[in-house]
Amino acid sequence: MELNKNFADGIWSKEVNVRDFVLKNITPYDGDASFLAGPTERTKRIWSACLTALAEERANNGVRSIDNKTVSTISSHKAGYIDKENELIVGLQTDELLRRAIKPFGGINVVAKACHENGVEVDEHVKDIFTHYRKTHNEGVFDVYNEEIRSFRSLGFLTGLPDNYARGRIIGDYRRLALYGLNRLIEAKNQDLANLTGPMTEARIRLREEVSDQIKALKEMKLMGEYYGLDLSRPAYTAQEAVQWVYMAYLSAVKEQDGAAMSLGNVSSFLDIYIEYDLSNGTIDETFAQELIDQFVIKLRMVRHLRMNSYNDIFAGDPTWVTESIGGRLNDGRHKVTKTSFRFLQTLYNLGASPEPNLTVLWSPELPEGFKAFCAQVSIDTSSIQYENDDLMREIRHSDDYGIACCVSFQDIGRQIQFFGARTNLAKALLLAINGGRCENTGTLMVKDIPELKGDVLNFDEVMVNYKKVLKEIARVYNDAMNIIHYMHDKYYYEKAQMAFIDTNPRINLAYGAAGLSIVADSLSAIKFATVKTKRNENGLTEGFDIQGEFPFYGNDDDRVDNLAVGVTKFFSDTLAELPIYKNARPTLSILTITSNVMYGKKTGATPDGRLKGVAFAPGANPMHGRDEKGAIASLSSVSKINYDDAQDGVSNTFSIVPRSLGVTAEDRVENLISMMDGYFSKNAHHLNVNVLNREMLEDAMEHPENYPQLTIRVSGYAVNFVRLSREHQLEVLSRSFHERF
Amino acid sequence: MGTFDGPGLRLVVFLQGCNFRCLYCANPDTIPLKGGKPTEIEEIVRMALSQKAFFGKRGGITFSGGEPTLQAKALIPLFKRLKEEGIHICLDSNGSILNDDTKELFKLTDMVLLDIKEFNAERHFLITGRENNNTLETAAYLQANNIPMWIRYVLVPGHTDFEEDIRALGTHFQSYSMIQRIEILPYHTLGAHKYEALKKPYLLKGVKENTPEKLEIARKLFEQYFPVVFVN
């Protein structure tokens, strides 16, 4: 096939290898933000149509409309436009803006319920097919779940499992479509298939079937392109085509799948190569370059999936996690900041703040000063971006061409994937250790052979012995559930569009997760350093704790308690690592809650740290609200101690600071925020959500949501429209620590 | 740590004991010479080193109080240690003590945040219980020894916001090349509750906080004499 001959040659022109292309052709940019352009009239018109549609969506209970008849596939819907004559980048998931599609391969009951809750019924014919003739992922999982898994799941020890929604997290290398075109990609997959010869073991048969499905998906994309008058069989030649092709590849994924997180990868510096080329040839100018990115981002902001109401408990605010990773460095010492890195951030000014795409800066103190200053300014102005430690991930995960899946999770683009694992409630597990292996709420025996504790006063060593036994048992059940879920997802809802843009037979990471870490650390600290007496009900289950004496809280840079958090993370991670995983995936662990910290808290009784029954946990690896009293730096220092080696799926920290406390002048605030992040990440911390906000503004937004349609805040590895959160989640956000001093 | 006591992000160490009795003192608990927690030099060095990663290009450690120069002799070896570790040192001082010890201490200091409570000697006495001639001498010493300083001026309505006093201050210091910044600190009542806890009368009861207009007038006034003026 005809490759784009404008660029420096390399391995990429002989084999599918986008990293090599970027390496050979990137133009790192060391300057500041002064070159950036504002929005064009065309962009403003399109965005204004979107704002109207978004207002209608909010007014209609969060869903503008549903196509309840057409089963969504790559080519199921004909072309859809927002404002055709002004659109430089085209393509919608359905034929209409913000119209949600049904994707019943994940589960027909899920789709039927989601439709019903939004005032329509799923088409009878579709329901019939997926009830009687075509099995779904959800049905497959529940056919195989045993009693043990069901009970750990329903009582709240394992929660948010992707057994009734699609697992997501897989990032296709969407750049491949622009660089190679469909014909070349189909050719490469055909070659892979031909090389997958016998013996025909189960694994080999499965892989051959998967590659065949990928090839079918690629062919279907040709058709989807034709609806829009695009010839996707060839590579992209211009900047506009490159953006369009990448978007088409991504669009095929979000038409075919409704995974919880459908992330984009790291496309900005790839696209920059095409933009630079056109700029240097004089065929486009900066205004047009920005317009391309603005219009691409508009499309990404309009991605929607159909969800049940209960989904909101674990993933609040209708997130899609179109995570785009920006910046970072190459192994050869150059950085990957380009002018298009700036252009992506500039969309937050040109179009206003927004939770999606989930803009993630891969931070290194070595990044150019102009870019760091712009990032800090954007955070101060919009609270819409998050930061991850590029130096740490590059070193430990051995890749300089990676993206972030979902919230915080490393993924080597095109060469690795991950299986999403939701999470274990570590705090509730601790209560099993104190209650003889019984659930503190129901008395159900969850883990056998956990001895009853001897006295009323909790003894640290005795509790720890029990806790380790409990964690081992929970890990075993958790691992069983994961193996079943991912087996069934592959079988009934395989991500053929995304996988078509990934190497055949990639390395797989299983992303386990844990919630409630700060509650566990503080509880163990209380047991160790104060005197904690149990208060038990008539069934002998704990309903509260009497705490006498002082003890250190996690979040104050006090090793006595911080080391407890570090130790529990390591123990749980090591325990999971001993268990075998489907498809020989390798285990990783995240300390991340997304927004389920509220729901986990609800399901968890009183804990020995003094937290009352039902009270929300802190999100991710955050210290518990109000307990990190020594200021921002001490709080950040505590979280930075959690070892990334033990939690390679990510250690999430959501941080809120009052604007004034960042400094006296605008320059001071930018500089101090940079110093803060340089310091935090140089201590090997992994992730930071940065909110620069006053509590009063959020309170006002609760009362007058109509005045804050685009108010965006970072919650836990992603951002949301504040006014789209439930009141309960809004109140939880308000209860968090807003640092007024460092 | 803080962002309001010198440039960049800073570890702020409050030292116990003060020789002034400012009516509006926001940290009255640090006034008595007794109290506070005795802290070893090495403990402060350890804290500074553990937070050094956050200091960035301009941040560091700030000694505030109380009046830190009351302990000048003890601070000298600490400052020497911090300098060895490459940590930027700010000293927040009322400048009322100028002797051999404080002179040596100032020379070890990267930047002095010099609090000038009032320029008019009588009003200075009314507010602080002390005269301001030593403070002016200290400023001259810092200027002569090339030690950078920021002048901090607490603006209290009806007590320190007299135009003629600010103009006199401007005229006096206008030529001081080592003054890099003027910071106007608006009087606030955040420390008032501490007086209750200490069972001391709060003598500025009834004094209102500055209006934005008043702050702007003061800022413009200072700007007639100094190139860099901020309201902190």
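**Figure 1. The largest nonpolar core of the predicted model, seen around V246(A) and M248(A).** This core has 291 residues, and V246(A) and M248(A) touch the most other members. Helix α17 (residues 460–492) of chain A contributes the largest share, 13 residues. Residues of the core come both from domain 1 (25–134 + 165–414) and from domain 2 (416–473 + 501–650) of chain A, so the core lies between the two domains. Leaving out residues up to four places away in sequence, V246(A) touches Y174(A), R175(A), L177(A) and A178(A), together with V267(A) and L271(A). In soluble globular proteins, nonpolar side chains tend to be buried together.

**Figure 2. Domain 1 and domain 2 of chain A at their contact.** The domain assignment gives 25–134 + 165–414 as domain 1 of chain A and 416–473 + 501–650 as domain 2. Taken over C-alpha atoms, the centres of these domains are separated by 34 Å. The contact involves 29 residues of domain 1 and 22 residues of domain 2. On the domain 1 side, at least two residues each are supplied by α7 (175–195), α8 (202–227), α12 (311–314), α15 (390–397) and β8 (409–412) of chain A. Strand β8(A) gives the most to that side, with four residues. By class, the side of domain 1 that touches domain 2 consists of 15 nonpolar, five polar and nine charged residues.

**Figure 3. Helix α20 (residues 559–577) of chain A and the elements that cover its buried residues.** The helix has 19 residues, which at 1.5 Å a residue should span 27 Å; its end C-alpha atoms are 26 Å apart, in agreement with that value. The buried residues of α20(A) are V561(A), D562(A), L564(A), A565(A), V566(A), V568(A), T569(A), F572(A), S573(A), T575(A) and L576(A). Among the elements of chain A that cover these buried residues are the helices α16 (426–434), α17, α19 (517–529) and α22 (632–640). The cover also includes the strands β11 (507–515) and β14 (586–591) of chain A.

Figure 4. Apart from neighbours within four places in sequence, A433(A) is in contact with I450(A), V463(A), N466(A), Y467(A) and V470(A). N622(A) is 189 residues from A433(A) along the chain, and the C-alpha atoms of the two are separated by 23 Å.

**Figure 5. The contact between chain A and chain B.** Chain A brings 19 residues to the contact and chain B brings 14 residues. On the side of chain A, helix α23 (residues 666–682) gives the most, with nine residues. The side of chain A that touches chain B has six nonpolar, eight polar and five charged residues.

Figure 6. K103(B) counts as partly exposed because it has 15 C-beta neighbours inside 10 Å. With neighbours within four places in sequence left aside, K103(B) is in contact with L98(B) and Y141(B). From K103(B) to T138(B) the C-alpha to C-alpha distance is 8.8 Å, at 35 residues apart in sequence.

**Figure 7. The fold of chain A as the setting for the views of that chain.** Chain A contains 25 helices and 20 strands. Its C-alpha atoms fill a box of roughly 80 × 65 × 50 Å along the principal axes. A compact globule of 742 residues would have a radius of gyration near 27 Å; the 25 Å of chain A agrees with this. Of the 742 residues, 59% count as buried. Among contacts in chain A with a separation of 6 or more, 81% are between residues 24 or more positions apart.

Figure 8. Along the principal axes, the C-alpha atoms of chain B fill a box of roughly 45 × 45 × 35 Å. Buried residues account for 39% of the 232 residues. Of the contacts in chain B with a separation of 6 or more, 78% come from residues 24 or more positions apart.

Note on methods
Residues numbered from 1 in each chain as written. Chains lettered and ligands numbered in written order. Predicted model: local features only at pLDDT ≥ 70, side-chain atom pairs only at ≥ 80, totals over all residues. Core = buried A, V, L, I, M, F, W, Y, C linked by C-beta atoms within 7 Å. Buried ≥ 20, exposed ≤ 12 C-beta atoms within 10 Å, placed from the backbone. Domains from an automatic or database assignment. Contact = placed C-beta atoms within 7 Å. Nonpolar A, V, L, I, M, F, W, Y, C, P; charged D, E, K, R; others polar. Expected span 1.5 Å × (residues − 1). Rg over C-alpha atoms; globule rule 2.2 N^0.38 Å.
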